[in-house]
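The sequence and the structure are shown here.

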Amino acid sequence: MKNKTLIIGASIKPERYSYKAAEKLLAHNHEIYMIGARADQLFGVEISTEMHPYTDVDTVTLYVSPKNQLKYYDYIISLKPRRVIFNPGTENPELTARLSDHNIQFENACTLVLLSISAY
């Protein structure tokens with residue numbers, strides 16, 4: 001397995017981009033963790049509503065709007081990921097400033113595109 005990715009905003013709805021990202025990450029042999037509004041399972045992986053203290057997250061990819069990210073600020077920073085990906089519609093200057101303060105890289109990019117061009 002490759003580096004672990006935490007998907008925040010995970011959904012079991014196939015039309016959601018977070019669903020598609022989970023599917024593609026697994027297809028590219030990335031291990032994933034998922035946090036969503038509802039507890040469930042997707043592709044055999046738990047979607048949790050809890051903010052677990054993972055110690056091995058390389059990338060956090062966001063699928064929640066900036067107003068819904070506020071509760072995750074300290075949590076994301078506590079995970080000490082290498083980077084955070086702000087997918088289209090999730091861009092957040094306030095959070096990017098906090099990430100910068102903690103030397104965490106960030107990208108305004110699309111996880112699906114990065115995977116499709118082998119740039120993930």
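In strand 7, Q105 is the bridge partner of R83. R83 itself lies in strand 6. Helices (H or I, at least four residues) and strands (E, at least two) are DSSP runs, numbered from the N terminus. The model is predicted, so local features need pLDDT of at least 70 and side-chain atom pairs count only at pLDDT 80 or more, while totals for chains, interfaces and linings use all residues. Residues are numbered from 1 along each chain as its sequence is written, and side-chain values use heavy atoms, with hydrogens and water left out.

**Strand 6 and its partners**

Strand 6 (residues 83–86) pairs with strand 7 (residues 105–108) in the parallel sense, over four bridges; two strands pair if DSSP finds at least two bridges between them. I85 has E107 as its bridge partner in strand 7. Strand 5 (residues 57–62) also pairs with strand 6 in the parallel sense, again over four bridges. There, V60 stands opposite V84 of strand 6.

Strand 6, helix 4 (residues 93–101) and strand 7 together form a right-handed β-α-β unit. Right-handed means that, with the strands pointing away from the viewer, the path from the first strand over the helix to the second runs clockwise.

Both faces of strand 6 are covered: R83 and I85 are buried on one side, V84 and F86 on the other. Buried stands for under 20% relative accessible area, exposed for over 50%, and partly exposed for values in between (1.4 Å probe, protein chains only).

**The surroundings of R83**

Why is R83 classed as buried? R83 has a relative accessible area of 4%, and therefore counts as buried. The side chain of R83 makes a polar contact of 3.0 Å with the side chain of E107. A polar contact is a pair of N or O atoms within 3.5 Å; within protein, one must be able to donate a hydrogen and the other to accept it, and residues adjacent in sequence count only if both atoms are side-chain atoms. Leaving aside neighbours within four places in sequence, R83 is in contact (heavy atoms within 4.5 Å) with D58, T59, V60, I104, Q105, E107 and Y120.

**Salt bridges**

A salt bridge is a side-chain nitrogen of Lys or Arg within 4 Å of a carboxyl oxygen of Asp or Glu. By this rule the count is five. The table lists some of them.

| Pair | N to O distance |
|---|---|
| K4 and D56 | 2.4 Å |
| D58 and R82 | 2.8 Å |
| R98 and D74 | 2.6 Å |

The salt bridge between K4 and D56 has an N to O distance of 2.4 Å. This pair links distant parts of the chain, 52 residues apart: K4 is in strand 1 (residues 2–10), and D56 is in the loop between strand 4 (45–48) and strand 5. K4 is buried at 19% relative accessible area, whereas D56 is partly exposed at 31%.

D58 and R82 are joined by a salt bridge, with the closest N and O atoms 2.8 Å apart. D58 belongs to strand 5 and R82 to the loop between helix 3 (73–79) and strand 6, 24 residues apart. D58 is buried at 13% relative accessibility; R82, at 38%, is partly exposed.

R98 and D74 meet in a salt bridge of 2.6 Å. Here R98 of helix 4 is linked to D74 of helix 3, 24 residues apart. R98 is partly exposed at 28% relative accessibility, and D74 is exposed at 54%. Salt bridges that share partners also join K4, E31 and D56 into one network.
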